[in-house]
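Please walk through this structure with me, one part at a time. We begin with a sheet and then turn to the ligand.

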Amino acid sequence: MTFPPLREELRGLEPYGAPQLDVPVCLNTNENPYGPSAACADDIANSVREAALGLNRYPDREHEELRAGLASYLTADTGPDGHTITPAQVWAANGSNEVMLQLLQAFGGPGRTAISFAPTYSMYPEYARDTHTGWVAGRRADDFGLDLGAARDLVATERPSVVFLPSPNNPTGTALAPAVIGELCALVGDSGLVVVDEAYGEFRRGGTPSALELLPAHRNLVVTRTMSKAFAAAGLRLGYLAADPAICDAIRIVRLPYHLSAVTQATAVAALRHTDELLGQVATLRAERDATVAWLRDQGFEVADSDANFCLFGRFADRHAVWQGLLDRGVLIREVGPDGWLRVSIGTPAEMTAFRTALTQVTGDLR
Ligand code: PMP
């Protein structure tokens, strides 16, 4: 027997994670490069101090104040015919990673299957593995859009309990049309959940609606969001979902008691008071994203359409050499996605200049 006595299927596996290297330009984990202001940090610090005075007690298990804040934030993003999202429709956890793990703990499990369409976010199969849920990945079309016919077929054959539909998708940046999401919700019906992962939702281009608009029409639809990306709070670890209250109630069965610390709740509630400031650079980042896509195409690269704060570009015969060449010049991007492609997060103008300069040198050297 080898030690430690790890589950058979976990033996020899590497922990998931992007390299955390200390380099001048980090464009590899899709964070917002603009941090909170000193005034916002002070307000958060005051709230945390208040929470610290009560740290001898467990926090609010149902995180009610936070759910109310998140519900009103989401209500503002329900489109032209808007509807109200109530606190009972919201559930939060330590990152949307944990939200999705809880979804599979409650709705996946042995004998059940979760599906998605590759290329897709590489943590989904890990949530499935960790909850003993079956995992099947269909394929996206060549332009990384969803082929509705193929998606229908996969749902019909697999009868999934959970369908993960990231929109905008990671690593491609592609968003889904609401009609596709609605059709899949109808097809899956009451026997499963359709989870639209909108981690990058706030970066979507004008004219791309949020799946939040579809919530009143489909009780099996779950929309997940995070404060890690547009909200400029990756260090906070706060993700959340909006769904039918019965779904939130079911998650309460599997969540660990007091899973959101008093410090986390205080920080998130305080950060929500500064929504306008924290989201203040989203328009700048979207413009920088569009400029980056245009520049890469001008250089002759293929670039996936992006509604996110990153873009996937290629194709390279040896993408690792390009990744390494950039790193040697102090620019860290991500070697992820289909072979031949690389992903770059959108940073500040100075960081994007460094990226463009380094890429021009590296690809010049490799030619
Ligand atoms: N979904 C997608 C598509 C992501 O890219 C990420 C982070 N890279 C997450 C979810 C998880 O984010 P977090 O746990 O920080 O909310």
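Start at strand β10, residues 310–314. It is joined to β12 by 4 bridges, and the two strands run antiparallel. The model you are viewing is predicted.

Now widen the view. β10 and β12 belong to an open sheet of 3 strands, ordered β9-β10-β12, with antiparallel pairing. At the edges lie β9 (302–303) and β12 (342–345), and each of these pairs on one side only. In general, the strands of a sheet pair through backbone hydrogen bonds, either parallel or antiparallel.

Next, the ligand. Where does the ligand sit? The space it takes is the largest pocket. Around the ligand are 13 residues, of which Asp-197, Tyr-200, Thr-226, Ser-228 and Arg-237 come nearest. Helix α3 (residues 95–107) gives the largest share of the shell, 4 residues.

In the side chain of Thr-226, an N or O atom is 2.6 Å from an oxygen atom of the ligand. For Tyr-200, a polar side-chain atom lies 2.7 Å from a ligand oxygen. Asn-170 also takes part: a side-chain N or O atom is 2.7 Å from an oxygen atom of the ligand.

How much of the ligand's accessible area does the protein cover? On its own, the ligand has 400 Å² of accessible area, and the protein covers 92% of it.

Note on methods: Residues numbered from 1 in each chain as written. Predicted model: local features only at pLDDT ≥ 70, side-chain atom pairs only at ≥ 80, totals over all residues. Heavy atoms only, no water. Near = heavy atom within 4 Å. Polar contact = N/O pair within 3.5 Å; in protein donor to acceptor, adjacent residues only side chain to side chain. Areas by Shrake-Rupley, 256 points an atom, 1.4 Å probe, with all protein chains shown as cover. 1 Å grid on protein atoms, 1.4 Å probe; cavity = no way out; pocket = protein on both sides within 12 Å on 5 of 7 lines; lining within 4 Å. Sits in = over half its atoms within 2 Å of the grid points. Pairing = 2+ DSSP bridges.
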